[in-house]
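My notes follow, in the order I looked things up.

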Amino acid sequence: MASATPVREIQEETYCPICLDYLTDPVITECGHNFCRGCITQRCETWTELGSDPLCCPSCRVQIRKGSLRNNYELGNRVEKIKQLDFKPGKETLCERHGKALDLFCEEDGEAVCVVCERSPQHRSHTVLLMDDDAEKYKEKIQAHLKTLREEREKLLGSKVTREEKSPKYLKQIEKKRQQIVADFQQLHQFLEEQEELLLAQLEKLEEEITKIQNENITKVSEEISRLSELISELEGKCQKPASEFLQDIRSTLSRCEKGKFQQPEEISPELEKRLSDLSQKTLALMEPLRKFKDTLPSALERKSGEPLGAPRLGEFAVNVTLDPDTAHPILVLSEDGKCVRRRDKRQRLPDNPERFDTVFCVLGCEGFTSGRHCWEVEVGDEEFWAVGVARESVGRKGWISPSPKGGIWAVEQCWGRLQAFTSPRTRLPLSRASSRIRVCLDCDRGQVTFIDAGDEAPIFTFPPGSVPGERIRPWFWVGRGSRLSLCP
């Protein structure tokens, strides 16, 4: 009598873990597991369409590198021979305990049994039916579920089509609103500039008039001081002379001394003071509503992420970022000034130091930040595959790393014509066009990273406050197939 264990071992060697059927055109992975070529190829295509993390082996979860699958002709020949023996993969033909055919099904335990198992105390009181009869009953149940699932899928497909049709409409509305905001603010800027010029011109005219009056007053006071000084000197000299000379022209001297007291000129006329007051009132009437409106902005126009509208300008927090050659993957080539990186076809012979990435095609910036706000820009041009952002100093360098905040990376990427953020799952960014220059803004104190289209200052995506931990953070760059990135000066 045949043993069930060898049969099961043969079956496990000859069926595909994905379709659970005989292997067809088998291929073997680097980790030693076999799959149907069609099954693993379809899995790769589905994985790529979903934009998920790199494909891993369904059996052991080891990453499957592109182009690493090899034909297993020997196993394919073995499968063809086993087919001739009429073994059925995935189904036991003999009972492991009794060596009898498993042609019965216990409904209570949900398992296949033989005639000896049916009479055992374990199954004696259970409902046991012929395998084929029970299979028909369960097939009816499965068909009912299939009908429900197909209906649900059709609903979701309809919903997906509707959403895809509405997306361009929403994007068009957003673009129209953007143009309207730009136009409105241009008009507001022009109005404020005109008012500023008018108020400054009036103020300058007042300044000229006041300066003229002050100069005239100073001249009058200076002339009176000079006259009084001459009279005082004359009187002091006259008092030193003899009586005969002292009394000469005494009446004229006394007349000059008794002349009316000098009238001090007014500092500013009431008419000028009124004009200055009116100008102050005009300025206050113009600026006070603007100040009140500005005070409402943090609460009224705050985004979900917590970042107020109005992205930081590059000049305010700009830093000079260069690429760290000790961290660059061997397939990446850096320029001499550390400002450009491109991907080549072959690996370079570089020392495998602990800092170097050996699996993911990325490189870190030399600079690290622990506090304050910092901005830098990356020229991505029209490249199709790239990612830019920041990473923890302690991010993994060896083997596969998860490109996500959980793996210590906060970034946005462009891949297969889609712009998306490194969230879990990925966040698709609904931009009507690709950006050619990305500004990365890191706020260490708030633990926040913001990405901005440097061309039109439009926000792209923000990882909310508290996302980035309080440790040393460095710029991070990933370079896809045939791509080149440049750090802007």
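Predicted model: local features only at pLDDT ≥ 70, side-chain atom pairs only at ≥ 80, totals over all residues.

**Surface patches**

Lysine 346 sits in the loop between β8 (340-343) and β9 (362-364). Its relative accessibility is 61%, so I wrote lysine 346 down as exposed.

Glu193, Glu194, Glu196 and Glu197 make up a negative surface patch. I checked glutamate 197 and found it in helix α5. Glutamate 197 has a relative accessible area of 57% and is therefore exposed.

I also wanted a nonpolar patch. Ile181, Phe185, Leu188 and Phe191 make one of about 340 Å². Phenylalanine 191 is placed in helix α5, which covers residues 131-238. Is phenylalanine 191 exposed or partly exposed? At 38% relative accessibility I have to call phenylalanine 191 partly exposed, because exposed would need over 50%.

**Salt bridges**

How many salt bridges does a search of the whole structure find? The count came back as 17. I went through a few of them.

Aspartate 443 and arginine 373 form a salt bridge, with 3.7 Å between the closest N and O atoms. This pair links distant parts of the chain: aspartate 443 belongs to strand β15 (residues 437-443) and arginine 373 to strand β10 (residues 373-379), 70 residues apart. I then looked at burial for both partners. Aspartate 443 is buried at 8% relative accessibility, while arginine 373 is partly exposed at 35% relative accessible area.

Arginine 439 and glutamate 377 were next on my list; their side chains meet in a salt bridge at 2.9 Å, N to O. Here too the pair links distant parts of the chain, with arginine 439 in strand β15 and glutamate 377 in strand β10, 62 residues apart. Are arginine 439 and glutamate 377 buried or exposed? I found both of them buried.

Then I turned to arginine 472 and glutamate 393, which form a salt bridge with the closest N and O atoms 2.7 Å apart. Arginine 472 is in the loop between β17 (458-463) and β18 (473-479), and glutamate 393 is in the loop between β11 (386-392) and β12 (409-415), so this pair ties together parts 79 residues apart in sequence. Arginine 472 comes out partly exposed, with a relative accessible area of 35%. Glutamate 393 is partly exposed as well, at 27%.

Which residues are linked with Arg472 and Glu393 in a network of salt bridges? I noted Asp324, Arg397 and Arg474 as the other members of that network.

**A buried threonine**

My last stop was threonine 450, in strand β16 (residues 448-453). With a relative accessible area of 5%, threonine 450 is buried, because that value is under the 20% cut-off. I asked what its side chain touches. The side chain of threonine 450 makes a polar contact with the side chain of threonine 462, at 3.4 Å.

Technical notes:
Residues numbered from 1 in each chain as written. Heavy atoms only, no water. Helix = DSSP H or I, 4+ residues; strand = E, 2+ residues; numbered from the N terminus. Buried < 20%, exposed > 50% of the residue type's maximum accessible area, 1.4 Å probe, protein only. Polar contact = N/O pair within 3.5 Å; in protein donor to acceptor, adjacent residues only side chain to side chain. Salt bridge = Lys/Arg side-chain N within 4 Å of Asp/Glu carboxyl O. Patch = residues over 30% accessible without salt bridge, like charges linked within 9 Å, V, L, I, M, F, W, Y side chains within 5 Å. Areas by Shrake-Rupley, 256 points an atom, 1.4 Å probe, with all protein chains shown as cover. Lys, Arg positive; Asp, Glu negative; His and termini not counted. Charge placed at Lys NZ, Arg CZ, Asp CG, Glu CD.
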